[in-house]
Amino acid sequence: MYMVEEYVNASKTQYRDALDVIEEFEKELSEMKGKCVDVGCGPGDVTKRLILPRLSSEAELVGVDISKSMIDHAKQRYRDEERLSFLQLDIEVQDLPIDALGQYNNALSFYCLHWCHNVWRAFDNIYKLLRPGGKGLVMFLAWNDGFDAYTRVHEDPRYKPYMQDADRFVPFFHRCSDSRAALRKMLDGIGFEVLHCSRREKSFVYENMQTLKSHMIAVNPFISRIPDHLKEEFEDVVVREVASRKILFPNKNDNGQQEYSILDRYHILVAYVKKPTGAC
């Protein structure tokens, strides 16, 4: 998740799903004015290309991310955008910077919050970032059987020393029998007025195993810990474990060689919320 170029080259799924939700809520985004924040902006592509053009012309947008390398990339790539800036920020931090509290009219987040170990605190911090009456639109993964591969690979003694915290990277909502109800309860408990909350099934077809591998490596939280002499082997093991849970379709490449397309089915959560006007 900190390998910028790899992520940029392997994030078609994230970009497509973000676009679907952004187009669905296009009217709501067009009414967002003032200072807006994109939480978990990554390299800034969704922030710049999908979000910014749909906001009111009276809005300015700040992309924030925990990764310094992602923020440095975004700052460099989009340095000439007048209404766009980027800032390093951990949305799970226990105490937000004082100068960030209540500073944003609107908050957005796409494909970020499932990575949070303490998702309740992440949502609570989004609540604190917003001004009274501020609105937020978020979308993130609820369930993907690929996460279960982490637990299986963790059992391998070759990799276990580098994956002691594997459970922390299995999202909270992935474990919930009713993730929509769990999310709504969490948002209500924090104090949000829930305007919309839904769980949706999605699918994506990877053209071949190499495409799946590129995606898996780009978002794998353990790859940077694995010693060089085990890295290639680890990547292959993870991809095989993930693929074993998917639906494979045989096909042939341009050279007539046997390959497989991989159908990935997963669930996302979408919420549109408001911080009550009278809230502190």
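**Helix packing and a buried loop residue**

Modeller: β5 (130-144), α9 (209-219) and α10 (228-243) are what the buried residues of α7 pack against, contact meaning heavy atoms within 4.5 Å. This is a predicted model, in which local features need pLDDT of at least 70, side-chain atom pairs count only at pLDDT 80 or more, and totals for chains, interfaces and linings use all residues. Residues are numbered from 1 along each chain as its sequence is written, and side-chain values use heavy atoms, leaving out hydrogens and water.

Colleague: Which residues of α7 are buried?

Modeller: In α7 (residues 147-154) they are Phe147, Ala149, Tyr150, Val153 and His154. Helices (H or I, at least four residues) and strands (E, at least two) are DSSP runs, numbered from the N terminus. Buried means under 20% relative accessible area, exposed over 50%, and partly exposed in between (1.4 Å probe, protein chains only).

Colleague: Why are they said to line one face of the helix?

Modeller: Down the axis of α7, the buried residues fall within an arc of 145°, so they line one face. The arc is taken from the directions from helix axis to C-beta atoms.

Colleague: What makes α6 oblique to α8?

Modeller: α6 (residues 119-129) and α8 (residues 179-190) pack at about 45°, with axes 10 Å apart. Axes are lines fitted to C-alpha atoms, for helices over the stretch in contact, and angles run from 0 to 180 degrees between N-to-C directions. Under 35 degrees is roughly parallel, over 145 roughly antiparallel, 65 to 115 roughly perpendicular, and the rest oblique. Therefore α6 is oblique to α8.

Colleague: Why does Tyr111 count as buried?

Modeller: Its relative accessibility is 10%, so Tyr111 counts as buried. Tyr111 sits in the loop between β4 (104-110) and α6.
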